Amino acid sequence: MLKGKHIILGITGGIAAYKSVSLLRLFIKAGAEVQVVITPSGKEFITPVTLSALSGKPVVSEFFTANSGEWHSHVDLGLWADAMVIAPATASSIAKMANGVADNMLITTYLSAKAPVFIAPAMDLDMMAHPSTKRNIELLKSYGNHIIEPAEGELASHLIGKGRMEEPEGIFEYLKNFFASSQDLSGKKVLITAGPTYEKIDPVRFIGNYSSGKMGYAIAEEAARRGAEVTIVSGPVSISTNSPNINVIKVESARDMHKECLKIFPQCEYAIMSAAVADYAPVECAENKIKREKDEIPVIKLTKNPDIAASLGEIKTPKQKLIGFALETNNEEVNAVEKLKRKNLDMIVLNSLQDKGAGFGTDTNKITIFDCEGNKTTYPLKSKNEVAKDIIEYIIK
Ligand code: CTP
């Protein structure tokens, strides 16, 4: 899986830096090409000579080579890499990465990296438990980085707790699994609805909801990363995507979203309905702005919108999988399972507004998946990027 892969191994200044030598050897043995980038304090723990001898490449640490003045391009390195692994990642480097403090070659390389980034924190248990470290790690996760969680065990301080860097074999396995799963949607077409819909009342007003589109876009990114060709039919949102595998079709109303989905769905293997579609729309949109009348309170007459998920459920072929969402405030499980059946879905992802950190606008979500075979799987609170991964993994399984 790692044969021929270009890996940047970032080493920061922690005791666990000695383990990076074993990690480097595992990568090299697996046939990867490794470029080591080490921070100035990393060199206090492990010598560049050992690392360059094992990797077969000069170790990069400074912006310039002292004698020749040769400039090391962090941009070129960032483009060269298929993956960047930072092991160990100290509290200080984690803070710099989370906040874009580009004061050494490793951080500038991280900020320029286009490839997936894997971070293996290593520090004392109190530093690990500090709210600022926790916040920085959450920030890094929310940017889509992979955190390889530290293990519990004896630390360099002889204290026992969480903070010990994952063993080199564990980090190596993580990378192997990542690349193994990385193209499992190759050649598949995926339709995703995302965001809210706006139903026009007059030229300046609409009926809408608080959906940010973050969950749908995170699912799209994950599917695209795994090789799928993705189309998002998106309601009005302020987020966007740069992925070349994602085509975004912007719509406003439920009717327009419905029309686009009917066109695209027949070519797709999967459809994931994460949009918060308005169930009703004004019967008509006033031609001019509705004025405030002195005595009269306007009544807006509504009509039912099409149920997009249900209409795709009607035309679905056995080769296609249809996935819905249910955002509920009460009687969650019963409502979700009822929707799964009524809309002829293969699986439904439930989030409850009773759970803190779940639902609209947040960067996190807490989901339960029900499938048409009667299985129920509950997940803990996670970042929306990680939730997206869980959903895609469940679909593939
Ligand atoms: N959905 C849809 N079109 C609609 C309404 C909902 O495609 N007009 C999809 C949503 O994207 C979601 C699923 O159906 O995947 C469930 O949406 P939800 O709003 O929870 O269900 P409703 O059928 O609208 O039921 P209710 O609002 O009564 O809870």
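Visitor: What does Asn331 count as by relative accessibility?
Guide: Partly exposed, because its relative accessibility is 47%. Buried means under 20% relative accessible area, exposed means over 50%, and partly exposed is in between, with a 1.4 Å probe and protein chains only. The model is predicted, so local features need pLDDT of at least 70 and side-chain atom pairs pLDDT 80 or more, while totals for chains, interfaces and linings use all residues. Residues are numbered from 1 along each chain as its sequence is written, and side-chain values use heavy atoms, without hydrogens and water.

Visitor: Where is Asn331, and what is its phi?
Guide: Asn331 is in the loop between E16 and H12. Its phi is positive, about 45°, although Asn331 is not a glycine. Helices (H or I, at least four residues) and strands (E, at least two) are DSSP runs, numbered from the N terminus.

Visitor: And what about phi of Asn344?
Guide: It is positive too, near 55°. Asn344 lies in the loop between H12 and E17 and is partly exposed, at 38% relative accessible area.

Visitor: Switching to the ligand. Which residues come nearest?
Guide: Met273, Ala275, Ala309, Lys339 and Lys343, out of 13 residues around the ligand. Near means that a heavy atom of the residue lies within 4 Å.

Visitor: What are the distances to the backbone of Ala275, Pro306 and Ala309?
Guide: A polar backbone atom of Ala275 is 2.7 Å from a ligand oxygen. For Pro306, a backbone N or O atom is 2.9 Å from a ligand nitrogen. For Ala309, a backbone N or O atom is 2.8 Å from a ligand oxygen.

Visitor: How much of the ligand's area does the protein cover?
Guide: 78% of the 560 Å² of accessible area that the ligand has on its own. Areas come from the Shrake-Rupley method with a 1.4 Å probe.

Visitor: Which elements give two or more residues to the shell?
Guide: Helix H11 (308-315), strand E16 (321-328) and helix H12 (332-342).

Visitor: Moving on, where is Ser352, and is it buried or exposed?
Guide: Ser352 is in strand E17, residues 347-352. Ser352 is buried, as its relative accessible area is 7%.

Visitor: What does its side chain contact?
Guide: The side chain of Glu332, through a polar contact of 2.7 Å. Such a contact is a pair of N or O atoms within 3.5 Å; within protein, one must be able to donate a hydrogen and the other to accept it, and residues adjacent in sequence count only if both atoms are side-chain atoms.
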